[in-house]
Amino acid sequence: MADKIKDAKIIFVVGGPGSGKGTQCEKVVAKYGYTHLSSGDLLRAEVASGSERGKTLQAIMQKGELVPLDTVLDMIKDAMIAKADVSKGFLIDGYPREVKQGEEFEKKIGAPCLLLYIDAKGETMVKRLMKRGETSGRADDNEETIKKRLDLYYKATEPVIAFYSSRGIVRKIDSELPVDEVFGHVAKAIDDLK
Ligand SMILES: Nc1ncnc2c1ncn2[C@H]1C[C@H](O)[C@@H](COP(=O)(O)OP(=O)(O)O)O1
Ligand SMILES: [Mg+2]
C-alpha cells in the first residue's frame, strides 16, 4: 500500500463546513486529474447503502458528531488503494478533523505534502449551508446541526491547522472570494508544489 501510493501527492483539504472544500476540490480534479476523496461523501455513501454500519453512522452524523476514527480511515484507505495505479495525487477532503486523525493517517498511509486551509467566516459558512440545505437533502444541513458542526470544527480542527503549520505545509486560502478567484489561489498553491 505505502509503496503503491509512494509517488502520489497527498493534499489535505481542511476548512469548516460550508467553507467551499468540495467546490474547490471539483475544480482541482478538472484541472489536475487528482482523485477527490471526501470523507463525508464516503460516509454518506455507506449510509445510503443501508448497511448496519451505515445505520450506526447515520445516527452519529445526524447529531453533528465525529464518527470513529478507524471507520473513516479504513474507508479512505480502501478508496486510495482502488485508485493508486491511475492517480497522480489525492485530495483528502474534510480529513483530518482532529490531530489524532492526522497522526493515524500518516502511520497507515503516508504524509501530506500540502494542507489547503479553506478559510471562511462563521457567518458565511452558516449562510452557505442554509442555502445548500434547500437542495442538498443532507440531514445535517439544518440550523441546529450546523451550529454544532461549527463549534466542533473550531474546537477539534483548528489544532490540526496549528499542527501542520509548524511543519510549514499549510496554505491558507481566503474562501470569502468568488469561487473562481478562490480557485486561482488554490491552483497557485498546487503549482508551487512542483
Ligand atoms: N467561494 C464561494 N462563494 C460563494 N459560494 C460558495 C463558495 N464556495 C462554495 N460555495 C457554496 C457552494 C455550496 O452550496 C456551499 C458549500 O460549499 P461546499 O463546497 O459544499 O463546502 P464544504 O465541502 O466545505 O462543506 O457554498
Ligand atoms: Mg464537502
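Modeller: The account below begins with the ligand and then turns to the pockets.

This is a predicted model, in which local features need pLDDT of at least 70 and side-chain atom pairs count only at pLDDT 80 or more, while totals for chains, interfaces and linings use all residues. Residues are numbered from 1 along each chain as its sequence is written, chains are lettered from A and ligands numbered from 1 in the order in which they are written, and side-chain values use heavy atoms, with hydrogens and water left out.

Around ligand 1 there are 15 residues, and those that come nearest are Gly-18, Lys-21, Thr-23, Arg-132 and Leu-177; a residue is near a molecule if one of its heavy atoms lies within 4 Å of it. By class, this shell has seven polar, five nonpolar and three charged residues. Here Ala, Val, Leu, Ile, Met, Phe, Trp, Tyr, Cys and Pro count as nonpolar, Asp, Glu, Lys and Arg as charged, and the others, Gly among them, as polar.

Oxygen atoms of ligand 1 take part in polar contacts, that is, pairs of N or O atoms within 3.5 Å. A polar side-chain atom of Arg-132 lies 2.7 Å from a ligand oxygen, and an N or O atom in the side chain of Lys-21 is 2.8 Å from a ligand oxygen. Gly-22 contributes through its backbone, with an N or O atom 2.9 Å from an oxygen of ligand 1. On its own, ligand 1 has 550 Å² of accessible area, and the protein covers 74% of that area (Shrake-Rupley method, 1.4 Å probe).

Ligand 1 sits in the largest pocket, meaning that more than half of its atoms lie within 2 Å of the grid points of that pocket. A pocket is an open set of points on a 1 Å grid over the protein atoms alone, where a 1.4 Å probe fits, with protein on both sides within 12 Å along at least five of seven lines; lining residues have an atom within 4 Å of a point.

Two or more residues of the ligand shell come from each of α1 (21-32), α6 (122-136) and α8 (179-191); helices are DSSP runs (H or I) of at least four residues, and strands (E) of at least two. The largest share, three residues, comes from α1.

The largest pocket has a volume of about 1000 Å³, the volume being the space filled by probe spheres set on the points. Its lining holds 47 residues, of which Pro-17, Gly-18, Lys-21, Arg-132 and Arg-138 lie nearest the centre. By class, the lining has 18 nonpolar, 16 polar and 13 charged residues.

Notes: A polar contact is a pair of N or O atoms within 3.5 Å; within protein, one must be able to donate a hydrogen and the other to accept it, and residues adjacent in sequence count only if both atoms are side-chain atoms.
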